[in-house]
Amino acid sequence: MYVLVAGGGKVGANLARLLLRAGHEVTLIEQRADRFAALEEEFEHAAQRGDATELFILERAGIKRPPDIVLAVTGDDEDNLIICQISKEKYGVPKVIARVNDPRNQAHFDLLGISPTICATSNIMGLIEHEVPEHEDLVHLLELRRENLEIVEVQIDKDSPVAGKRVEQLNVPDGARLISVMRNGQSEIAVGSTELLAGDQVLAILQPGKEDELRRVLLKR
Amino acid sequence: MKVIVIGCGRVGSTVAKQMLAEGWDVTAVDEKEDALTRLGDDWPGGFVLGHGMDVDVLRAAGIEETDAVVVSTDGDNTNLVIGQVVQKRFDIQCVVVRLLDPARADFYEQRGMRTVCPTKTAIEVLTEAVRSCEIPKVTV
């Protein structure tokens, strides 16, 4: 496939390297002269210099073909958003992926329909909550935006009304399902006969907005 | 009538002062405090320090009750994002966005954004100025 990578910092350069190694055709666009010099040495003609938010730079990089996917991974959220918007809406690029640097800007990407996005800071925050589960009672692990679903983790404590019960005895709300139960480092798929015990970490999939109902059923709060 | 001017450089500050003189309730937004000096020592309008992409800053500037927004920071992409957020999230009808790049201005204009492109204006005015010059014929 043909991949256009906008932004030749660490993320963009490493992506370009991996994609080229996997046999794909890649064009990497970088604006800064110092960075570009190093990239050109490694990637030769696959590296192009310029501002990837300028239409003629995108066109020179082959946006009109169009690429199978555009990766907007500069360090600037505004630029990433505009690159994706122009790629999709002006040039009909079928797929884009945008990097979000400042998690506060996520809402802007969502508002303008730029998806999927990836935000390292948000991902690390999610991992922190996963690694230190007493932080919060219901931890968001993954948002599946296109499916309008999310995966959350709940720690069953000894006061939980479901401790000692089987999954089939629970009144899990519509729009939510338990996926798996992790106990002593071992995980198993949650089925009707799976018993929940205090200390278990339960994964659930649910529609956004069902968190409170699920929290009430599993934790009574 | 209330207007928020986001980006208070040479252009934004002058727009803010002019609108205020015409009786508008004006709030300026800029991420640098220096911008306030452009508005003059006795600026009677509002001023909010912060980035226009920050929704809290927009709220502090009164985005929920404004009639119009002028977006004139020095970054085209910043202006494009702020302009769309203000339009779509806060449902403001009168949003005018300054863009230096004529190509992006054309594209977003087609998508229904009100853009002002000083570069395009300069090109038109300069070309016209040359056309209308009276160039004396040189006789040998």
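This is a predicted model: local features need pLDDT of at least 70, side-chain atom pairs count only at pLDDT 80 or more; totals for chains, interfaces and linings use all residues.
**Entry on chain B**

I found that the secondary structure of chain B comes to six helices and six strands. I then read the extent of the C-alpha trace of chain B along its principal axes, which is about 70 × 40 × 25 Å. Chain B has 140 residues, and 36% of them count as buried. I also looked at contacts in chain B between residues at least 6 apart in sequence; 43% of these join residues at least 24 apart.

**Entry on the sheet in chain A**

I turned to an open sheet of five strands in chain A, whose order is β7-β8-β11-β9-β10. The pairing in this sheet is antiparallel. Which strands stand at the edges? They are β7 (138-144) and β10 (186-189) of chain A; each has a single partner strand, so one side of each is left without a neighbour in the sheet. On average, and with direction ignored, neighbouring strands of this sheet are turned by 25 degrees against each other.

As background, I noted that strands of a sheet pair through backbone hydrogen bonds, in either a parallel or an antiparallel manner.

I next examined one pair, strand β9 (residues 176-183) and strand β11 (residues 201-206) of chain A, which pair in the antiparallel sense over six bridges. I noted that M182(A) stands opposite Q201(A) in β11(A). I also located helix α6 (residues 120-131) of chain A, which lies across β7 and β8 (149-155) of chain A. This helix runs at about 140 degrees to β7(A).

**Entry on I69(A)**

I found I69(A) in strand β4 (residues 69-72) of chain A.

**Entry on the contact between the chains**

The contact takes 15 residues from chain A and 15 residues from chain B. On the side of chain A that touches chain B, α3 (55-60), α4 (77-89) and α5 (106-111) each supply at least two residues. Which of the elements gives the most to this side? I found that α4(A) does, with five residues. The residues of this side of chain A divide into seven nonpolar, three polar and five charged.

Technical notes
Residues are numbered from 1 along each chain as its sequence is written. Chains are lettered from A and ligands numbered from 1 in the order in which they are written. Helices (H or I, at least four residues) and strands (E, at least two) are DSSP runs, numbered from the N terminus. Two strands pair if DSSP finds at least two bridges between them. Axes are lines fitted to C-alpha atoms, for helices over the stretch in contact, and angles run from 0 to 180 degrees between N-to-C directions. Two residues are in contact if their C-beta atoms, placed from the backbone, lie within 7 Å. A residue is buried if 20 or more other C-beta atoms lie within 10 Å of its own, exposed if 12 or fewer, and partly exposed in between; C-beta atoms are placed from the backbone. Ala, Val, Leu, Ile, Met, Phe, Trp, Tyr, Cys and Pro count as nonpolar, Asp, Glu, Lys and Arg as charged, and the others, Gly among them, as polar.
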